[in-house]
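Have a look at the model with me, and then we can go through the entries together.

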Amino acid sequence: MQGDGVKNLILFLLCLTVPVIFVVSGERSAATRLAESSDEASEVPIASAADEGYCSPQLKGIVRRVAGACGLLGEGGRGCKPADAKNVAAMSGDDFNALFSPLAKRAHIVQFDSEVTALDEKAKAEVEKTWAEKGGASFFFVVSRASKDGNADLNTQLSQDRAQAVMTHLQEKFPGDEDLKRVGLLWLGADYAQLGPEFCEWQRSRGGEPCAVKDINRSSFVAWIDCAI
Amino acid sequence: MKGALIAVAVCAVLGVAFSMTSTSDFISHLDRQVHSIHCSLIPGAGAEVGESGCRTVMMSPYSSMFRTSMWGGIPISLMSVAVFAYLVMRSMTFLLSAKTTKRDTLFLIAATGLPVLMSIIYGYIAASKIGEACTVCIGIYVVSGVGFIAAIVAHMSAPPDDGGPAVGIWARYFGEGCSYVFIMVFFYIVFAPTSPKSGEGCGTLVTKDYRDNDTLGLFIEMSKGSKVTGLAVLDPLCPACKGFDERIVASGIDDKVALSAVLFPLDSTCNWMVKESLHPGACAVSEAMLCDRAGALDVLDWAFTNQERLRATAKTDEAKVRKELEEKFPKVKGCLGTAAVKNKVNKSLRFAVQNALPLLTPQLFIGDRRVCDEDTDLGLEFTVDRMLQAQQGSAPSSSSRRRR
């Protein structure tokens, strides 16, 4: 009888102790790992604005200077006239255009008829399409030009009005959108950074139609810039 | 009788092994990290890191008790270990004793009946509430049933008792069984690791007034009625978000918090922060949700249900997913794919940038405090409860649950 009691007690303790030890040792291991892991910094990346590979230090510097001088870093939406653009970019027209060559797939060219500053339907659609391709970009550049036909003052005025027409359409189409503060307007008239015929190959509102140098310069170049400056 | 008692003991040992496997998986997660989960009837084999029925079951609120009182709660499998360990002891003592009678074996039937009853209850919960089966759990169900049958056989072949009072001895046996459970739970509670981070959270929102300034309609209301606000950062095609959403609903957190969702699709079609689409098609589904905010939760539920298929389809042909969305939810026609709704998705992503959120989903904010990622599964109820207490005014409201 006593032998049975001892056997039962041993069994009772054995069957209870083994799982308890197993559970407690597992918890102690977890506690050790928890203490170690709480000191480690998280390796999960943080959400951030886009900063594409083409955003070289030189390009970022230029974008910052242009954006700053043209008001994009302040209240936004203010435009730069040709003289400002030349001064802040401090480079030739060709070099200025070359800065934007990595944007061949990102930028769109909105075309206008001669001496016309209103957006046609295709131009409106092109502007909206570009606006929707925002991604993580920080700035929206509108760079308007005129062809070399006519006098310099008229061309400057035409390019300014074309830039403004893009802005006005965005304001009408996306009222209250905070990103409108990220829009920078540059109007270059016809005396600085004229586009070459190679830009006819870019995405444009009149794609498929004949395109000469004059046609491609009666335009607004619109693009989101994927550089965190 | 001895053969049947040996069968009961073997079943109980197997029950301990299966229950211990589940308990071990549960305990390993107390370090707040992601671990593999054993999903095989062979102890030690079949560990899986990704989504599986065993993970879904373990992460569900039904896998443990008192979840708001301690991180992760007390696992049901721990009590299963205690019960099977007791059955090992009980069947062995009967086996080794020369005086085992029907009085003892009748108690053994009742004792082995407990795991059978629990197997029926949890089998029903797994089928009806969770919708997933856990291989190890099925192992427990089987050995419970076989052990019960073996106990009946042992009783049928046991010698009759001496006619003495049975209640006293049964009470002693019952007390021993309860002591197994209480001692096991006591040690579990005493040695469970704790972390102060659970109540403090991991960061805060920068844009705290997002609900008041939602002029574009970026935030989707998931529940309402409570004074405390919450924000879930979701990707409609993210498997973890599906499980997270189920836990939110099953644990009743959506009743305690006025929860909104902001979309963060991990799909490179619209999200510049991911170089490869982790969840192809998530941008299209997000657009659909923002096109019809009133029906957004229906779109979300449908997307959660069809996640795998939608991701596979979108990987080769996203347009097909868009077409399916338009057919299933006609209200999104004429909106899906437009500049306006793409702009909204973009703004949702920029919300993450403004608040420097980690590139992962799901995320949960209670008030403006972010629930640490490691607290969004097993420790969700405990952490949210702590945060709600800190927020004050967190009395559960009478709001109706919108999604069941």
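**Entry 1: chain A.** What pattern does chain A follow, read along the sequence? I read it as α-α-β-α-α-β-α-β-α-β-α-β. I found seven helices and five strands in chain A, where helices (H or I, at least four residues) and strands (E, at least two) are DSSP runs numbered from the N terminus.

A note on provenance: this is a predicted model, in which local features need pLDDT of at least 70 and side-chain atom pairs count only at pLDDT 80 or more, while totals for chains, interfaces and linings use all residues. Residues are numbered from 1 along each chain as its sequence is written, and chains are lettered from A and ligands numbered from 1 in the order in which they are written.

I looked up burial next, and 39% of the 229 residues in chain A are buried (20 or more other C-beta atoms within 10 Å of the residue's own; exposed is 12 or fewer, partly exposed is in between, and C-beta atoms are placed from the backbone). I also checked contacts (two residues whose C-beta atoms, placed from the backbone, lie within 7 Å). Of the contacts in chain A with a separation of 6 or more, 79% are between residues 24 or more positions apart.

**Entry 2: where A meets B.** I counted 39 residues of chain A in contact with 45 residues of chain B. Two elements of chain A give two or more residues to its side: helix 1 (2-37) and helix 5 (121-132). Helix 1 of chain A gives the most, with 20 residues. By class, I have 21 nonpolar, nine polar and nine charged residues on that side of chain A (Ala, Val, Leu, Ile, Met, Phe, Trp, Tyr, Cys and Pro are nonpolar; Asp, Glu, Lys and Arg are charged; the others, Gly among them, are polar).

**Entry 3: domains of chain B.** I have chain B divided into domain 1 (2-191) and domain 2 (198-391), with bounds from an automatic or database domain assignment. Their C-alpha centres lie 39 Å apart. I see 13 residues of domain 1 of chain B in contact with 14 residues of domain 2 of chain B. The domain 1 side of that contact divides into four nonpolar, six polar and three charged residues.

**Entry 4: helix 3 of chain B and a partner.** How do helix 3 and helix 6 of chain B pack? I get an angle of about 140° between helix 3 and helix 6 (residues 167-191) of chain B, with axes 9 Å apart (axes are lines fitted to C-alpha atoms, for helices over the stretch in contact, and angles run from 0 to 180 degrees between N-to-C directions). That makes the two helices oblique to each other (under 35 degrees is roughly parallel, over 145 roughly antiparallel, 65 to 115 roughly perpendicular, and the rest oblique). Residues of helix 3 of chain B in this contact include B:Leu78, B:Tyr86 and B:Arg90, and those of helix 6 of chain B include B:Tyr173, B:Glu176 and B:Tyr188. The contact has 13 nonpolar, one polar and two charged residues.

**Entry 5: B:Phe382.** I found B:Phe382 in helix 15 (residues 380-391) of chain B. B:Phe382 counts as buried because it has 20 C-beta neighbours inside 10 Å. Leaving out residues up to four places away in sequence, B:Phe382 touches B:Arg67, B:Thr68, B:Met70, B:Trp71 and B:Ser198.
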